[in-house]
Amino acid sequence: MNNSLIIGQYVPGNSLIHRLDPRTKITIIFFFVFIVFFANNVLSYGILVAFALTAMLTSKVPVRFIMKGLTPVWFLIIFTFILHLFVTKEGTVVFELGIFKFYSGGIIQGFAISIRFFLLILVTSLLTLTTTPIEITDGIEDMLHPLKRFKFPVHELALMMSISLRFIPTLMQETDKISKAQASRGVDFRTGPLKERVKAVVPLLVPLFISAFKRAEELAMAMEARGYQGGDNRTKLRELKVTKLDIMGYLIFILVVAILFLTRTYG
Amino acid sequence: MDITFKNVTYIYQRNSPFEHKAVDGLSFHIPSGSFVAIIGHTGSGKSTLIQHLNGLTAPSEGEVHIGDFKLTNEEKPKNMKELRSRVGVVFQYPEHQLFEETIAKDIAFGPENFGVDQKEIERRTKEVIRQVHLPEELLDRSPFDLSGGQKRRVAIAGVLAIQPEVLVLDEPTAGLDPRGQKEIMDMFYELHQQEGLTTILVTHSMEDALKYADHILILNKGKKFMEGTAVDVFSQREALQSVQLDVPEVVEFLIKFEKKIGKQIPFHNQSMKELAEEIRQVVKGVDEHE
């Protein structure tokens, strides 16, 4: 239904990025998010951009598909850029337009923030584009494992996550189906005054909730019928394994971080 | 309303790795007042096809004409609401679309959206609840108190209350018990004849197609595989089997009969009684030879 939003969509493949262990990907992305904020000159930003673009190309996910998927985010990026143009008053005045004065600091800041934003979104969507939701939850479960000592329900949390991820497409389909059925009965979701459009949501939401509750009940019953018991001693179908590829991934990332810290401006 | 498809292609998620042609170069014509069955496997493009009939989707390529309405990739009719009031669609598992507090309100939902006045709605509500064979006392009850089969009838009543000229049915009997299936199909057939509707039935059941449809359209992988009357289509057993479709039991029986007895009885959509008579004739003929 929504063709433009790609966050959370998995594109099957067998590229190097696809084959990385989910824990490797999650760890690298986690640190990348911090690292982005350490870049402060053209060269250091260049390194981060190069890293992200290389990862994107290695993943073999069609570039056009990713860029199209980022359309809603582009709007946000451009908006932040423009906001910085108007609000930041540092450096020298570059040019004037009527009552507005544009400062060099504003332009630079605008660029920097936009690039950060772009990098963060690109890298995180690469994770979901190249990793199945199940792999991601398995990875997170494994990484949170130490918390178990503090009675943190790691397994239950991971199960909840994978169930909700699993049902997102189902719910989207259901929404699509019901909205089409109601549209056939003359509901107009797209035009008309706001009040009418809000009212048009009721015939959509009520059936959706009913089916979601029913589905939850059925799932619980099916799990119980098959003797599901969470937690200890439960074995896994897919064991996560760290391979040479992951070690290389880490090494490359450490290298990138090292270069970044060498090139950034201090003081 | 006449329905014409001219070279219609529909592509899902164009320009993405998930691009997928659901309907591929489809052309056909359905004259007003006919009962058409559309048959095909899951993923053959049936559901996508019917969404074109009331403008829920527009073709990626080609043209769809429904009466005076024309749908192409570039232009959509401005009076979409009118199109939807004239083409009623009963989706698969229509009971999932129920949402109102009372059955009467749910039935009135469609006509209300299309601006029918209150008095007329009341009249229609009473009429359609009778048409779907439910007691009028139910009207003030909640639709969620009903059984599955009754819910389906209420949902169907909600579409009938719009009084469409074209009725599109997407596997209306799926998940019902055999008796419920027969009742619902007979009900649609009765309506088709009484109200002079154009009916389009999407089904997996060859028996239903044989029994009710005067024209059959078979889809395979988004393309038209076969088209014609029940006799035309079901005489081609081998072709149907090549796309994993069965023939109705009668045809199956006639083929086995020919193998066993060595005499051929041509299939011409005969009734049970006619068939019995034909068999009698043939068997008598065999006896006399001996």
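Student: Among contacts in chain A between residues at least 6 apart in sequence, what percentage join residues at least 24 apart?
Tutor: In this predicted model, the figure is 75%.

Student: And which elements does chain A have?
Tutor: Chain A holds 11 helices and two strands. From the N terminus on, their order is α-α-α-α-α-β-β-α-α-α-α-α-α.

Student: Is chain A compact or spread out?
Tutor: The radius of gyration of chain A is 23 Å, well over the 18 Å that the globule rule gives for 267 residues, so the chain is more spread out than a compact globule. The C-alpha trace spans about 70 × 60 × 40 Å along its principal axes. Of the 267 residues, 23% count as buried.

Student: Let us turn to α2 of chain A. Which of its residues are buried?
Tutor: They are Pro22(A), Thr24(A), Lys25(A), Ile28(A), Phe32(A) and Ile35(A). Seen down the axis of α2(A), these buried residues fall within an arc of 155 degrees, so they line one face of the helix.

Student: What covers them?
Tutor: The cover includes α6 (104-130), α7 (133-144) and α11 (244-263) of chain A.

Student: And which residues are exposed on the other side?
Tutor: Phe30(A) and Phe34(A) are exposed there.

Student: New topic: how many residues does each chain bring to the contact?
Tutor: Chain B brings 23 residues and chain A brings 20 residues.

Student: Which helices of chain B each supply at least two residues of the side that touches chain A?
Tutor: Those are α2 (80-86) and α3 (103-113) of chain B. By class, that side of chain B has 10 nonpolar, 11 polar and two charged residues.

Key:
Residues numbered from 1 in each chain as written. Chains lettered and ligands numbered in written order. Predicted model: local features only at pLDDT ≥ 70, side-chain atom pairs only at ≥ 80, totals over all residues. Contact = placed C-beta atoms within 7 Å. Helix = DSSP H or I, 4+ residues; strand = E, 2+ residues; numbered from the N terminus. Nonpolar A, V, L, I, M, F, W, Y, C, P; charged D, E, K, R; others polar. Buried ≥ 20, exposed ≤ 12 C-beta atoms within 10 Å, placed from the backbone. Arc of directions from axis to C-beta. Rg over C-alpha atoms; globule rule 2.2 N^0.38 Å.
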